[in-house]
Amino acid sequence: MTAAAQPPAPAALHLRGVLLPEAEERDLYVTGGGLGFEPVPGAETVLRGGWILPGLVDAHCHVSLSPSGPVLDEDGLRAQAYTNRDAGALLLRNPGSPADARFLDGDPAAPRIIRAGRHIARPMRYERGLAVEVEPAGLAAAVTEQAAAGDGWVKLVGDWIDRDKGDLAPLWSAEDLVEAVRVAHAAGARVAVHTFGEDALPDLVAAGVDSIEHGTGLTDDTIAALAARGGALVPTLVNVANFPGIASRASRYPAYAEHMRRLHATAADRVRAAYEAGVPVYCGTDAGGMLPHGLVAAEIRALHAVGLPAADALAAGSWAARRWLGLPGLAEGAPADLACYAADPRADLDVLAGPARIVLRGRVVR
Ligand SMILES: [Zn+2]
């Protein structure tokens with residue numbers, strides 16, 4: 001293997017800036033990879049003035065996938081992880097991966113990655129070669145196995161084109177899903193589910209899944225039910241922008257193609273409706289499927305464009321998403337993962353395109 005260059009042990013760092021979300025100008029100190037507010041003698045000042053956010057979050061980022069296919073070699077996996085890091089995404093949730101990129105956990109220059117195992121789907125009902133494919137009778141066992149392979153998440157494919165029907169259709173029955181969620185939760189894992197259409201959602205939400213990925217088929221009823229259950233939505237808007245292209249390549253399945261176009265046309269409205277109903281909405285790009293890595297800022301801007309206030313779009317891709325995934329924000333003792341900007345990103349999200357400083361695990365990486 002190609003070992004990552006080991007940077008020297010981190011020196012104490014000092015940053016001064018406006019901390020978000022509190023919007024207070026403060027001095028921040030970094031020692032041993034953690035944050036503190038007490039002055040540290042001799043700390044090197046690496047930011048004087050600017051805005052300091054908890055590292056950005058891409059909560060739907062397939063390290064190991066690329067638009068030209070799976071990437072399974074260590075150099076390729078590391079390059080994807082670094083691309084996300086350099087865009088400010090210091091925490092990734094990888095919702096389904098054919099590669100075990102766990103060697104990256106030992107690389108201090110790599111973003112933190114929270115993994116589901118592999119996607120779980122039925123035969124012929126997902127992208128070929130990516131998922132663990134099981135019939136419904138094998139779902140619970142597959143969930144148990146993938147929960148053990150991941151970091152507290154499993155990923156189900158909830159709907160996909162059924163070529164016999166020529167349209168999107170659910171993969172699993174209500175009973176299958178209740179059992180899958182029960183087994184996952186018993187194993188300490190949350191359940192993320194890929195879904196595009198309307199029909200899979202009532203049973204998924206009723207079964208208590210923890211996050212809906214894409215979710216373009218959410219109706220007012222399933223939004224209300226999801227909000228009542230406290231389930232989250234990761235709408236992957238930058239990738240939903242590809243739906244018309246998917247439709248144009250699906251001319252053999254005109255009902256499916258028309259459905260995908262319709263879902264694309266209503267996607268912005270559905271995300272806004274979910275947000276307004278109180279569903280927690282988080283930033284995820286779906287990098288690696290049809291899109292390259294490193295698009296976290298574009299997804300935050302897209303969330304704002306469909307109606308989230310800029311501060312809430314930022315929260316969806318920073319402090320709120322970190323909390324959702326189990327990591328603190330800019331608190332005493334929190335991991336020193338910081339994305340710093342020269343201007344206030346709440347006033348102009350385009351600022352996210354050019355971080356002034358990135359500190360990861362207590363080291364300046366940019
Ligand atoms: Zn995905």
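This tour visits the zinc site, the largest pocket and the cysteines in turn. The model is predicted, with local features requiring pLDDT of at least 70 and side-chain atom pairs pLDDT 80 or more, while totals for chains, interfaces and linings use all residues. Residues are numbered from 1 along each chain as its sequence is written, and side-chain values use heavy atoms, without hydrogens and water.

Select the zinc ion, and then H60, H62 and D286, which coordinate it through NE2, NE2 and OD respectively at 2.1 to 2.2 Å; donors are N, O and S atoms within 2.8 Å of the metal (3.2 Å for Na, K and Ca), and water is not among the atoms, so the site may look incomplete. The donor spacing in sequence is H-x1-H-x223-D. H60 has a relative accessible area of 0% and counts as buried, as does H62 at 2%, where buried means under 20% relative accessible area with a 1.4 Å probe and protein chains only.

Next, select Y126, E127, R128, W160 and M290, which lie nearest the centre of the largest pocket among its 35 lining residues. A pocket is an open set of points on a 1 Å grid over the protein atoms alone, where a 1.4 Å probe fits, with protein on both sides within 12 Å along at least five of seven lines, and lining residues have an atom within 4 Å of a point.

Finally, select C283, whose nearest cysteine sulfur, that of C61, is 9.7 Å away, and which is in no disulfide (a pair of cysteine sulfur atoms within 2.5 Å). C283 is buried, at 0% relative accessibility.

Definitions and conventions:
Buried means under 20% relative accessible area, exposed over 50%, partly exposed in between (1.4 Å probe, protein chains only).
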